[in-house]
Amino acid sequence: MMEKASNASFLSKNPHLFEIKNLKVYFPAQTSSLIRRKYVYAVDDVSFFIDSGEVLGLVGESGSGKTTIGRVIARLTPPTEGKVLFQGRDIMSLRGKDLKNYRRMVQMIFQDPYGSLNPRLTVFSTIAFPLRVQGIVKDKNKIREYCIDLLRSVGLSEDAIDKYPHELSGGERQRVAIARALAVKPQFLIADEPVSMLDLSIRSGILNLLMELKNQYGLTYLLTTHDLRVAYYTCDRIIVMYLGKIMEIAPIEDFMSHQFHPYSQLLLSASASFGFGDRPKRRLGATGEIASAIDPPKGCRFHPRCPFRTEECSKKTPPLAELRNRRFVACFNPQ
Ligand SMILES: Nc1ncnc2c1ncn2[C@@H]1O[C@H](COP(=O)(O)OP(=O)(O)O)[C@@H](O)[C@H]1O
Ligand SMILES: [Mg+2]
C-alpha cells in the first residue's frame, strides 16, 4: 500500500491539487480617455495552492478579484500572465480529451441561481444536458432515474424534475445548480458566493448541503465570499484578497484567533458588528471605501486606508511572506 502511494506521488511531481503561479488578469477598462488605454488590474500577481480535500475560501470585499480567480481556474477567463497548474499541468495547455475531462472535473456554482439556470429548460433538461455531453450515463433509459437520485441527494423531491426555474424558490434553484454541477462526477467545485443572493433563513441549509456533499463525494472546494461568517462556517483555510492582491493566507481557526494584516482585522471587525466573532482587541482606525482596481494605489494597495502605514507602504509592494507555518502575510508592519 505504502509502495503504491509513493509511486503515485512520483508520477505527479506536484503535491498540490492546484498551484496558481503569479496569476495576472487585466481587463481593458471602459474609460472616456482615448489617449491612454487603462486597465482593470482585477488579479495582480497572485500565487497560492489548493490541496486535495480542503475547503479553501477566497474572502474580500466586492471587486477584489475573487470571481475572476474562480473563472480562470474554471477556464472561463484566460489569464493575462501566470499559470494555473492542475496536478502539475498547465490548464491552458489542455486540449481535446484532456480538456473535456478537465471541464468535467472542475465545476462551478454561481452566485445567482436565477441567472445561472436557463429559464426555458426544465430541471430534467438542465441536469441531463451535461450528462449527455460528457457521456456519464451510457443507458439512455437510466438518465431520468440518475437525475431523480441526484435531486434527492441535494434535498429536492422527485417532482421537481419536470419544473421550470420560475416554479422554484431561490434555494431550490441553487440546489438544482448544485445537482447539475455534481451530475458529471466532478473532483473540484468552485462555489462563487453560493449563498449571498439567498434569504438569510435558507443560507445555512445550502452551506450544510455543500459540506455534506463534499464529505460524501470526497470533493475539494474553492469557495468565494465577502462574508467572513460564511468562511468561518465552511472553510479550512482562507485567502484574504484586496484589490486583486493577496493580503493574508491562514488556516481559519488560526486566523480567527489572530489576524496579522490590518485589512484582515478590518474585515473581522466589520463582521463583528453583525454579531459574529470577537471584536479585535484594538480598535481599527481604518476608513474609507475600497479603492479602484483601475488606478490602484502604489505600494501596498491597502495603505491609504491603513492605520499602521509607514512611508515604505506607499512606495513598495510588500511581498507575501510566510510568518509561521502555513501563515502568509503581505505587510511591512504585521500586527
Ligand atoms: N469582464 C470584465 N471586464 C472588465 N472588468 C472586469 C471584468 N470582470 C471583472 N472586472 C473587474 O475586475 C475587478 C474584480 O472583479 P471580480 O473578480 O468580479 O471581483 P469580486 O468577485 O471579488 O467582486 C472589478 O473591478 C471588476 O469590475
Ligand atoms: Mg464576485
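User: Which residue stands opposite valine 329 in strand 12?

Analyst: That's glutamate 248. Strand 12 covers residues 327-329, and its pairing with strand 10 is antiparallel, over 2 bridges. Bear in mind that this is a predicted model.

User: What else does strand 10 pair with, and over how many bridges?

Analyst: Strand 9, residues 237-242, joins strand 10 through 6 bridges, and the two run antiparallel. One of the bridge pairs links tyrosine 242 to lysine 245 in strand 10.

User: How many residues lie between the strands in that hairpin of strand 9 and strand 10?

Analyst: There are 2 residues between them, and leucine 243 in this hairpin has a positive phi near 45°.

User: Is lysine 185 buried or exposed? And why?

Analyst: Lysine 185 counts as exposed, because it has 12 C-beta neighbours inside 10 Å and the cut-off for exposed is 12 or fewer.

User: What about glutamate 193, buried or exposed?

Analyst: Glutamate 193 is buried: 22 other C-beta atoms lie within 10 Å of it, and 20 or more is enough to count as buried.

User: Switching to the ligand. Which residues are around ligand 1?

Analyst: Around ligand 1 you'll find Phe27, Val40, Ala42, Gly60, Ser62, Gly63, Ser64, Gly65, Lys66, Thr67, Thr68 and Ala293. Strand 2 (39-50) and helix 2 (66-73) are the elements that each give two or more residues to this shell.

User: Which element gives the largest share of the shell?

Analyst: Helix 2, with 3 residues.

User: And how does the shell split by class?

Analyst: The shell around ligand 1 has 7 polar, 4 nonpolar and 1 charged residues.

User: Strand 2 came up there. What's the order of strands in its sheet?

Analyst: The order is 2-1-4-5, an open sheet of 4 strands with antiparallel pairing. Strand 2 and strand 5 (89-90) are at the edges with a single partner strand each, so one side of each has no neighbour in the sheet.

User: How many bridges hold strand 5 to strand 4?

Analyst: Strand 4 (residues 81-86) and strand 5 pair over 2 bridges, in the antiparallel sense. Phenylalanine 86, for example, has arginine 89 in strand 5 as its bridge partner.

User: Last topic, confidence. What's the mean pLDDT of the chain?

Analyst: The mean is 89, and 88% of the residues reach 70 or more. Residues 1-11 have pLDDT below 50, and beyond near neighbours in sequence that stretch has 1 contact in the model. Residues 279-284 are also below 50, with 11 contacts beyond near neighbours in sequence.

User: And how many helices and strands does the chain come to?

Analyst: The chain has 11 helices and 12 strands. Among its contacts between residues at least 6 apart in sequence, 63% join residues at least 24 apart.

How values were computed:
Residues are numbered from 1 along each chain as its sequence is written. Chains are lettered from A and ligands numbered from 1 in the order in which they are written. This is a predicted model: local features need pLDDT of at least 70, side-chain atom pairs count only at pLDDT 80 or more; totals for chains, interfaces and linings use all residues. A residue is near a molecule or strand if its C-beta atom, placed from the backbone, lies within 6 Å of it. Ala, Val, Leu, Ile, Met, Phe, Trp, Tyr, Cys and Pro count as nonpolar, Asp, Glu, Lys and Arg as charged, and the others, Gly among them, as polar. Two strands pair if DSSP finds at least two bridges between them. pLDDT is the predictor's confidence in each residue, from 0 to 100. Two residues are in contact if their C-beta atoms, placed from the backbone, lie within 7 Å.
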